[in-house]
Amino acid sequence: MAAVRSAFRRLFSVSGFSPPPPAAVAPPAEPSTNLFVSGLSKRTTSEGLMEAFSKFGQVVHARVVTDRVSGYSKGFGFVRYATLAEAAEGINGMDGKFLDGWVIFAEYARPRAPPPGQTPPPPPSEPPYGYR
């Protein structure tokens, strides 16, 4: 009976608990004219996104990423401004604000990573063969 009680205590003791390791925090993205916008409503359209962000500068392009089957928003999109200053104003003006009833988050977009199993081409160190 004592052995069962001891095993039960070990099983549910606090000392046996180890929290998961902290998640790696990605470094902030480099400033660019392209913004990543998350937290979008399913009803948000590319036109609505462009209209909301155009208050802070000249929007070159705005796109809400949609599901291929349903056509509804996947909850994120991209906005491209003409200049870096306008992009910074767009982040300051829209990050944490409401759009279509949802709180959205705006940040600089990170470049897309290469697909797994594929290495990026090395930078050219010299002209290709035959071009000198």
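## Setting values against cut-offs

Visitor: Why is arginine 110 called partly exposed?

Guide: Arginine 110 has a relative accessible area of 41%. Buried means under 20%, exposed over 50%, and partly exposed in between (1.4 Å probe, protein chains only), so 41% makes arginine 110 partly exposed. This is a predicted model, where local features need pLDDT of at least 70 and side-chain atom pairs count only at pLDDT 80 or more, while totals for chains, interfaces and linings use all residues. Residues are numbered from 1 along each chain as its sequence is written, and side-chain values use heavy atoms, with hydrogens and water left out.

Visitor: What makes the meeting of glutamate 107 and arginine 110 a salt bridge?

Guide: A salt bridge needs a side-chain nitrogen of Lys or Arg within 4 Å of a carboxyl oxygen of Asp or Glu. Here the N to O distance is 3.6 Å, so the pair qualifies. The structure holds one salt bridge. Glutamate 107 is partly exposed as well, because its relative accessible area is 33%.

Visitor: How many helices and strands does the protein chain have?

Guide: Three helices and six strands. These are DSSP runs, numbered from the N terminus: helices are H or I with at least four residues, strands E with at least two. From the N terminus on, the order is α-β-α-β-β-α-β-β-β.

Visitor: Which residues have the most contacts inside the largest nonpolar core?

Guide: Leu35, Leu49, Phe53 and Val79, in a core of 19 residues. Helix α2 (46–53) and strand β2 (59–66) are among the elements that each supply at least two of its residues. A nonpolar core is a set of buried Ala, Val, Leu, Ile, Met, Phe, Trp, Tyr and Cys residues joined through side-chain atoms within 4.5 Å. In soluble globular proteins, nonpolar side chains tend to be buried together.

Visitor: How do you know that the buried residues of α2 line one face of the helix?

Guide: In α2, Leu49, Ala52 and Phe53 are buried. Seen down the helix axis, the buried residues of α2 fall within an arc of 90° (taken from the directions from the axis to the C-beta atoms), so they line one face. The face turned away carries the exposed residues Glu47 and Glu51.

Visitor: Is valine 64 buried or exposed, and why?

Guide: Valine 64 is buried, because its relative accessible area is 5%. This residue sits in strand β2. Leaving aside neighbours within four places in sequence, valine 64 is in contact (heavy atoms within 4.5 Å) with residues including Leu40, Thr45, Leu49 and Phe76. Threonine 45 is 19 residues away in sequence, yet the two C-alpha atoms are 6.2 Å apart.

Visitor: Why is phenylalanine 98 counted as exposed?

Guide: Phenylalanine 98 has 64% relative accessibility, so it counts as exposed. Phenylalanine 98 lies in strand β4. With Val103 and Phe105, Phe98 forms a nonpolar surface patch of about 310 Å² of accessible area together. Such patches use residues with over 30% relative accessible area and no salt bridge; like charges are joined within 9 Å, nonpolar side chains (Val, Leu, Ile, Met, Phe, Trp, Tyr) within 5 Å. Areas come from the Shrake-Rupley method with a 1.4 Å probe; for residues, only the protein chains shown count as cover.

Visitor: What makes asparagine 34 buried?

Guide: Its relative accessible area is 18%, so asparagine 34 counts as buried. Asparagine 34 is in strand β1, and its contacts beyond four places in sequence include Phe78, Val79 and Glu107.
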